[in-house]
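This briefing covers helix packing, chain contacts and overall layout. Please look at the sequence and the structure first.

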Amino acid sequence: MNSDVILRVGTKLILPFILLFAIYVQFHGEYGPGGGFQAGVIAAAAVILVAITFGHSAAKRIAPRGLVEHMVPLGVLIYAGTGVACFFLGGNYLDYGVLAHDPIHGRHLGIFLVEIGVAVTVSGTMVALFYAFVERGR
Amino acid sequence: MEAIINMALLTLLGVVTLAIVVQRSLLSVVILTSIYSFLMASVMIVLDAVDVAMTEASVGAAVSTVLLLGALYLTKSREETPRRSRALPLLLSLAVGAMLVWGTLVLPPFGTADTPIHQHVAPRYINDVMGEVGIPNIVTAILADYRGFDTLGETTVIFVAGIGVLLLLGGLRRQDPEEGTPEDPS
Amino acid sequence: MQAFLAFADHYSYVITILLMVGGLYIVVSRSNMVKKLVGLSIFQTSVYLLYLEPAKIVGGTAPILAPDFTVYSNPLPHVLILTAIVVGVGTLALGLALVVRIHEAYGTIDDDEIKPQDGG
């Protein structure tokens, strides 16, 4: 893809910050605005930006198709698995208090795991949707 | 001050909506939709919904726009001039709008604290969240903990939507060779 | 002055309904399917506004606990709308995928041109 030099250099400059921001939003979501949805969509937006600027094959090197398609169900599995783990540790389904010795710590851990599950599914789905639309056009 | 900023942003939002209604070029409609989403995110920040604003800015303005552009690339980007009459839809819309505006007259004024919505569940969340969950962002606490089932269902909806699109657009590699898709645009 | 203040208090609701009616008009009157989906998402966004406006308290702050603040906006509508936005993009993507398939099958995305092809 032979696009504008400003666009390519700008993308390279801004890309690490987008990914860093996604990680910040993910792990700081309990103390500031943010969480799994936002982080997932921001990370997916970084991949889409690469695909728009450098072409579809460059984006596939970062996020291969198989990986992205496996991320779609994996996140739901992490979420539901957290619930099942609570179940087997003696609590109710999705009652995170039993995950650690202290109920508050257990809730922190549960929210952390659940948010990771949400982020995995959302980012995987967004990139997979983009790939599906792009590849239909070839 | 907050109310004035809110009114200004809402006015811009209304103008953009009218522009979307009259615009015929679908590419312009998609760009206007992106602008609409950014304005909506600004309104949400004024309304103190920072988590929602962040989601709207990333989902509405970024991903939706990219998906709409992708769909336009695969189809046509020009809207035909309508053949059917526009009088009946206009009349219907105006009637619905008039009834809804009449209904809002009894709603409480903007930004007051003693309305029913602030009396019932919210104070419990705000007062007890530190003792029960121990994280200061109440929205995250409700989303992932108090209403965890809700979010599980919602993640499942995203999963199902993703699978649906992958199936519809032939994204899955395992395809039936006999069952040819109707490819030719006759 | 009194009438103006009363109007200003309800201005946000009036705009919400303007957005809702605009979306409804697009869905009912336009036959282009991409435009219909855009109208549907405008309608949906107006519902977000309808939920978020009553949650706001003038002089309050975002629902993230901090020692300096005592008045917070209602967090529950925020959670509901957060969920709705992400589901909204899922339905939009599914609708667009259907539009793409319809275009491949019929060569048009216009409602009025599809009905004659089906012999209707």
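How many residues does the contact take from chain A and from chain C? The contact takes 10 residues from chain A and 10 residues from chain C, where contact means heavy atoms within 4.5 Å. The model is predicted: local features need pLDDT of at least 70, side-chain atom pairs count only at pLDDT 80 or more, and totals for chains, interfaces and linings use all residues. Residues are numbered from 1 along each chain as its sequence is written, chains are lettered from A and ligands numbered from 1 in the order in which they are written, and side-chain values use heavy atoms, with hydrogens and water left out.

**Chain A against chain C**

- About 770 Å² is buried between chain A and chain C, and 79% of it lies on carbon and sulfur atoms; buried area is the accessible area (1.4 Å probe) that two parts lose on being put together, summed over both.
- Of the area that chain A buries against chain C, 60% comes from Phe37(A), Phe133(A) and Arg136(A), more than from any other three residues.

**Chain A overall**

- Chain A has five helices and zero strands, in the order α-α-α-α-α along the sequence; helices (H or I, at least four residues) and strands (E, at least two) are DSSP runs, numbered from the N terminus.
- Along the principal axes, the C-alpha atoms of chain A fill a box of roughly 60 × 30 × 20 Å.

- Helix α2 (residues 36-54) of chain A packs with helix α3 (residues 50-74) of chain B at an angle of about 30°, their axes 10 Å apart; axes are lines fitted to C-alpha atoms, for helices over the stretch in contact, and angles run from 0 to 180 degrees between N-to-C directions.
- α2(A) and α3(B) are therefore roughly parallel to each other (angles under 35 degrees count as roughly parallel, over 145 as roughly antiparallel, 65 to 115 as roughly perpendicular and the rest as oblique).
- On the α2(A) side, the residues that meet α3(B) include Val41(A), Ile48(A) and Ile52(A), and among those on the α3(B) side are Met54(B), Val59(B) and Val63(B).
- The axes of helix α5 (residues 103-136) of chain A and helix α6 (residues 138-146) of chain B cross at roughly 85° and come within 9 Å.
- That makes α5(A) roughly perpendicular to α6(B).
- Arg107(A), Ile111(A), Val114(A) and Glu115(A) of α5(A) make the contact with Thr140(B), Leu143(B), Ala144(B) and Asp145(B) of α6(B).

**Helix packing within chain C**

- In chain C, the axes of helix α2 (residues 33-55) and helix α3 (residues 75-106) come within 10 Å and cross at roughly 175°.
- α2(C) and α3(C) are therefore roughly antiparallel to each other.

**Domains of chain B**

- Chain B is divided into domain 1 (1-78) and domain 2 (119-175), with bounds from an automatic or database domain assignment.
- The centres of domain 1 of chain B and domain 2 of chain B, taken over C-alpha atoms, are separated by 23 Å.
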